[in-house]
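Please look over the sequence and the model before reading on.

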Amino acid sequence: MQYTLLPRLIPRLAVDAPHFQLRIVPARPQHGLSMLDTNHVDLIAGYFPDPTPDLRTRFLYQEPAVCIVREGHPCLRKRWDLDAYLRYGHLDLAAHTRYFSTAIDRILMGQNRSRRIAATLSSYLVCPFIVQDSDLIATMPESIARAMKGSARIVSLKVPMTLPPIAVSLYWHERYQDDPAHAWLRQYLASVIG
């Protein structure tokens, strides 16, 4: 989320609220929302399918998936379909909730098929640089793939199956619901991102 959201947010915030100081901390995998419960953070942007009842949520945007391959990949010379997708090794992206990976594996399992995972990565950002130097395929958020096209020699392709997009939302604890400064920041974030 940082890579997608902060380049849009921080330059505008520096102009609109120059004395505002934003402190970004990495979410702990599998424990992001507990950081709100413990008052470690005020807000979290991301995808969490089961927030607790004492958390508030505001939808921000949907993030679809795309496949990325290197420029000149052999799959680009043939018909792109599920068979082509499964013909090559894959980079699995275990970033945070494994949303796309879990959906892909569930769909394939229902068809008695599977991917060959060459490596599992913890970061989306290194993925395009591995893809550009291999015949591996990765399925990742479209916004990151689009942003990385200028840095890595990659091509985006449509995912050859129907994957639901990630619903990215803003989360905060109930204790901040009526705080005016907190409400201003939530509204500001939603207006910049939406």
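## Terms and overview

Strands here are DSSP runs of E, at least two residues long, numbered from the N terminus. Helices are DSSP runs of H or I with at least four residues. The model is predicted.

The protein has seven helices and eight strands. Its C-alpha trace spans about 55 × 35 × 25 Å along the principal axes. Of its 194 residues, 44% count as buried. Take the contacts between residues at least 6 apart in sequence: 75% of these join residues at least 24 apart.

## The five-stranded sheet

In what order do the five strands of the open sheet lie? The order is β5-β4-β6-β3-β7, and the pairing is mixed. Two strands sit at the edges: β5 (117-121) and β7 (154-157). Each of them pairs on one side only. From one strand to the next, the twist averages 30 degrees.

Helix α4, residues 99-110, packs on this sheet. The helix touches β3 (65-70), β4 and β6 (137-141). The direction of α4 makes about 125 degrees with that of β6.

## How the strands pair

Strands of a sheet pair through backbone hydrogen bonds, either parallel or antiparallel. Strand β4 (residues 90-93) and β5 run parallel, joined by four bridges. In this pair, Leu 93 stands opposite Leu 121 of β5.

Strand β3 has partners in β6 and β7. Four bridges join β3 to β6, and the two run antiparallel. Here Ile 68 faces Ala 138 in β6. Four bridges also join β3 to β7, again antiparallel. Arg 70 has Ile 154 of β7 as its bridge partner.

Is β3 enclosed or open to the outside? Five of its six residues are buried, so β3 is largely enclosed by the rest of the structure.

Ala 138 is part of strand β6. Is this residue buried or exposed? Buried means under 20% relative accessible area. Ala 138 has 0% relative accessibility, so it counts as buried.

Which residues does Ala 138 touch, leaving aside those up to four places away in sequence? They are Val 66, Cys 67, Ile 68, Leu 91, Leu 93, Cys 127 and Val 131. Asp 54, by contrast, lies 36 Å from Ala 138, C-alpha to C-alpha. In sequence, Asp 54 and Ala 138 are 84 residues apart.

## The largest pocket

Rolling a probe the size of a water molecule over the atoms shows where empty space is left. The largest pocket has a volume of about 1,400 Å³. It is lined by 50 residues. The closest to its centre are Met 1, Gln 2, Ile 24, Val 25 and Ala 45.

Which elements give two or more residues to this lining? They are α1 (2-16), β1 (44-46), β2 (55-63), β8 (166-173) and α7 (180-193). The largest share comes from α1, with six residues. By class, the lining has 34 nonpolar, eleven polar and five charged residues.

Key: Residues are numbered from 1 along each chain as its sequence is written. This is a predicted model: local features need pLDDT of at least 70, side-chain atom pairs count only at pLDDT 80 or more; totals for chains, interfaces and linings use all residues. Side-chain values use heavy atoms; hydrogens and water are left out. Two strands pair if DSSP finds at least two bridges between them. Axes are lines fitted to C-alpha atoms, for helices over the stretch in contact, and angles run from 0 to 180 degrees between N-to-C directions. Contact means heavy atoms within 4.5 Å. On a 1 Å grid over the protein atoms alone, a cavity is a set of points where a 1.4 Å probe fits but cannot get out, and a pocket is an open set with protein on both sides within 12 Å along at least five of seven lines; lining residues have an atom within 4 Å of a point. Grid points are joined across faces, edges and corners, and a volume is the space filled by probe spheres set on the points. Ala, Val, Leu, Ile, Met, Phe, Trp, Tyr, Cys and Pro count as nonpolar, Asp, Glu, Lys and Arg as charged, and the others, Gly among them, as polar. Buried means under 20% relative accessible area, exposed over 50%, partly exposed in between (1.4 Å probe, protein chains only).
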